[in-house]
Amino acid sequence: MSRTQAIQSIITILLAYPDSKVDREPFIKLAAVGLEDYSGASLNAMCCPKRGLIATSKFMPSIAEMRQFCKTYVDPMLVALPQKIEQPVDLLKSL
C-alpha cells in the first residue's frame with residue numbers, strides 16, 4: 001500500500017489513545033515505514049473500532065503489535081477465492 005494510507009491509519013490509532021505518552025511525530029514516521037507494505041484492507045481492519053486493535057487493546061499498540069495484526073489479517077474476500085486457479089491450457093487438456 002502507500003505510506004500515506006499507513007500514516008492515516010497510525011493517526012487513527014493514536015486518536016483512540018489520547019492519553020498515550022508516545023512521542024507522536026517520530027512514532028508516526030517509524031510506524032509508517034513498518035506498515036507501508038501491508039494492504040489497505042489490513043490497515044483499515046487494524047483501525048476498526050469493532051474488530052481491530054482499537055477494540056482489543058487497552059493500551060497504545062506498539063509497531064510490532066500493529067505489524068502482527070496486519071500480518072495475520074485475512075481479507076474475507078480472498079477467503080472466497082478458489083485455492084487453485086486453473087490455467088487455460090489445463091482447462092483445454094481436460095476437454
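Visitor: Is Tyr 73 buried, exposed or partly exposed, and why?
Guide: Tyr 73 is partly exposed, because its relative accessibility is 26%. Keep in mind that this is a predicted model.

Visitor: And Phe 69, buried or exposed?
Guide: Phe 69 is buried. Its relative accessible area is 18%, and buried means under 20%.

Visitor: How many aromatic pairs are there?
Guide: The count is one aromatic pair. The rings of Phe 69 and Tyr 73 are stacked, because their centres are 6.4 Å apart and their planes are at 20 degrees.

Visitor: Why does that angle make it stacked?
Guide: Planes under 30 degrees apart count as stacked.

Visitor: New topic. Where is helix 1, and how many residues has it?
Guide: Helix 1 covers residues 3-16, so it has 14 residues. From first C-alpha to last, helix 1 reaches 20 Å, close to the 20 Å expected.

Visitor: Which residues of helix 1 are buried?
Guide: Gln 5, Ala 6, Ser 9, Ile 10, Ile 13 and Leu 14.

Visitor: Why might the numbers be spaced like that?
Guide: An α-helix has 3.6 residues a turn, so residues three or four places apart point the same way.

Visitor: What covers the buried residues of helix 1?
Guide: The cover includes helix 2 (24-35), helix 3 (40-47), helix 4 (53-56) and helix 5 (63-72).

Visitor: Which helix holds Gln 68?
Guide: Gln 68 is in helix 5. Gln 68 is partly exposed, at 44% relative accessible area.

Visitor: How are Gln 68 and Met 46 placed?
Guide: They are 22 residues apart along the chain, and their C-alpha atoms are separated by 10.0 Å.

Conventions
Residues numbered from 1 in each chain as written. Predicted model: local features only at pLDDT ≥ 70, side-chain atom pairs only at ≥ 80, totals over all residues. Heavy atoms only, no water. Phe/Tyr/Trp six-rings, centres within 6.5 Å; stacked < 30°, edge-to-face > 60°. Buried < 20%, exposed > 50% of the residue type's maximum accessible area, 1.4 Å probe, protein only. Helix = DSSP H or I, 4+ residues; strand = E, 2+ residues; numbered from the N terminus. Expected span 1.5 Å × (residues − 1). Contact = heavy atoms within 4.5 Å.
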